[in-house]
Amino acid sequence: MPASVADAKQMLFTSDYPSDKVVYLNEFSIVVPVTASDSHVIAHGLSFTPVVAMVWSPNSDFSVSYTTADTAYNESVSGGLPTGMFFEALSDGTNIEILLFNNTGGPQTVYFRLFAFMPSNVNVDTPFTANAADDFIFNTDYNYTKLYLNGRADTTTTTTINHGLGYIPQVALWNENAGTFSIQFIATYDPSNGTVGAQITDQDLNILPFATPDFSHYRIYIDD
Amino acid sequence: MTKPESFILTTDYATLKNDDQGTLTVIVPASLSVTASNTTVFSSTAPIGSAGAPMRVSLSVTGLPVDNSLIADTMEIVGEGTLSGSPQNWTIRAVCYRSSATNVSLRATIYNPDGATLILGNPQITISAKINTFLPPF
């Protein structure tokens, strides 16, 4: 419940919802050879498997950028973006592995930004990612993301998580398959054979049965 | 106001800050045909968010039997049309990405790899992307 503000002379900070706590940050570039099978592996140094988000760009300033895997690396095959490249980040208990696909005909310098959260079923101490006391972190100029619900859902059956917010909130979703996590980036709508993915309505998140993942890790924000 | 000297509320972990939000829509017209070995593209672009800002996207489709909003920045919409008079599956692939420092784009493509015109036999399909961007925690 919101704190009482009956005595407004008392300065009080309160939040009914936690903000995101980023437990892993990494920014780097690599030269990606022409490949459809390579990967770039980084030890994350955490004691658990994090849920990882990634942005990649052909530019060091990220002026043009793509999220985890929002491009088909070969437009002539599947109809996607004509970047000729495709990257996907997987995580396990030790590493973050970036799957590399470069069909451009030559090596490409690609810039990556990775950030990760602790899954809802983990509760351990972990190294700080912003511990300089002089850094002003909470600043009223910014609207911080506010986590409303998070959890881990079995994806062998349809799972409905009622958020009841009355509007479509922000949602982030990761798949867990045999201990390896990857962000949910693609959904298929097939009226004949059913939808594959996760549906969001103004009341519920419906995680539909997937072909391979065992679980989904979801984060529902009160932010719309 | 970026750094008041005596304000000491801090956190030990980086966090995300909401940056901007917007909606992009593309319409795939009814009864679309895609000529042989060709890709038909529909796209929409608008200024949303800061340069390099990560995004969360949900994609919605209306016009088909069930309206859907799905958690993804890539959506495949699958249907059955005809090619040279025979049944032929088609796929509309919709992708959302940052196309410039200031703009975000939604791009829907239908690729026909075959040597004859693909007739989708589709109703009008509206694809919308709800986009939230964040100030990057770097």
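How many bridges join strand β8 (residues 143-144) of chain A to strand β1 (residues 17-28) of chain B? Two bridges join them, and the strands run antiparallel. Within this pairing, Tyr144(A) stands opposite Lys17(B) in β1(B). Keep in mind, as you look around, that this is a predicted model.

## Chain A at a glance

Let's begin with the overall make-up. Chain A holds one helix and 16 strands. It has 224 residues, of which 39% count as buried. Among its contacts with a separation of 6 or more, 70% are between residues 24 or more positions apart.

Chain A is divided into domain 1, covering 24-117, and domain 2, covering 147-221.

## Where chain A meets chain B

The contact between the chains involves 62 residues of chain A and 55 residues of chain B. On the chain A side, strand β13 (residues 186-189) makes the largest share, with four residues. By residue type, this side of chain A divides into 31 nonpolar, 20 polar and eleven charged residues.

Next, have a look at strand β7 (residues 108-117) of chain A. Seven of its ten residues are buried, so β7(A) is largely enclosed by the rest of the structure.

Strand β1 (residues 24-32) of chain A is joined to β7(A) by nine bridges, and the two run antiparallel. In this pair, Ser29(A) has Tyr111(A) as its bridge partner. Strand β3 (residues 51-57) of chain A is also antiparallel to β7(A), with seven bridges between them.

## A seven-stranded open sheet

Chain A also contains an open sheet of seven strands, in the order β2-β6-β5-β12-β11-β16-β9, with antiparallel pairing. At its edges stand β2 (35-43) and β9 (147-154) of chain A; each has a single partner strand, so one side of each is left without a neighbour in the sheet. From one strand to the next, the twist averages 25 degrees.

Leu90(A) has Glu97(A) in β6(A) as its bridge partner.

## Between the two domains

How many residues of domain 1 of chain A are in contact with domain 2 of chain A? There are 14, and they are in contact with eight residues of domain 2. On the domain 1 side, the elements that give two or more residues are β3 and β5 of chain A. The largest share, four residues, comes from β5(A). That side of domain 1 divides into six nonpolar, five polar and three charged residues.

## The largest nonpolar core

The largest nonpolar core has 84 residues, and the members touching the most others are Val52(A), Leu114(A), Ala116(A), Leu59(B), Met75(B) and Cys96(B). At least three residues of this core come from each of domain 1 (24-117) and domain 2 (147-221) of chain A.

Leaving aside residues up to four places away in sequence, Val52(A) touches Ala89(A), Ser91(A), Ile96(A), Leu114(A), Ala116(A), Phe181(A) and Ile183(A).

Note on methods: Residues are numbered from 1 along each chain as its sequence is written. Chains are lettered from A and ligands numbered from 1 in the order in which they are written. This is a predicted model: local features need pLDDT of at least 70, side-chain atom pairs count only at pLDDT 80 or more; totals for chains, interfaces and linings use all residues. A residue is buried if 20 or more other C-beta atoms lie within 10 Å of its own, exposed if 12 or fewer, and partly exposed in between; C-beta atoms are placed from the backbone. Two residues are in contact if their C-beta atoms, placed from the backbone, lie within 7 Å. Ala, Val, Leu, Ile, Met, Phe, Trp, Tyr, Cys and Pro count as nonpolar, Asp, Glu, Lys and Arg as charged, and the others, Gly among them, as polar. Two strands pair if DSSP finds at least two bridges between them. Axes are lines fitted to C-alpha atoms, for helices over the stretch in contact, and angles run from 0 to 180 degrees between N-to-C directions. Domain bounds come from an automatic or database domain assignment. A nonpolar core is a set of buried Ala, Val, Leu, Ile, Met, Phe, Trp, Tyr and Cys residues joined through C-beta atoms within 7 Å.
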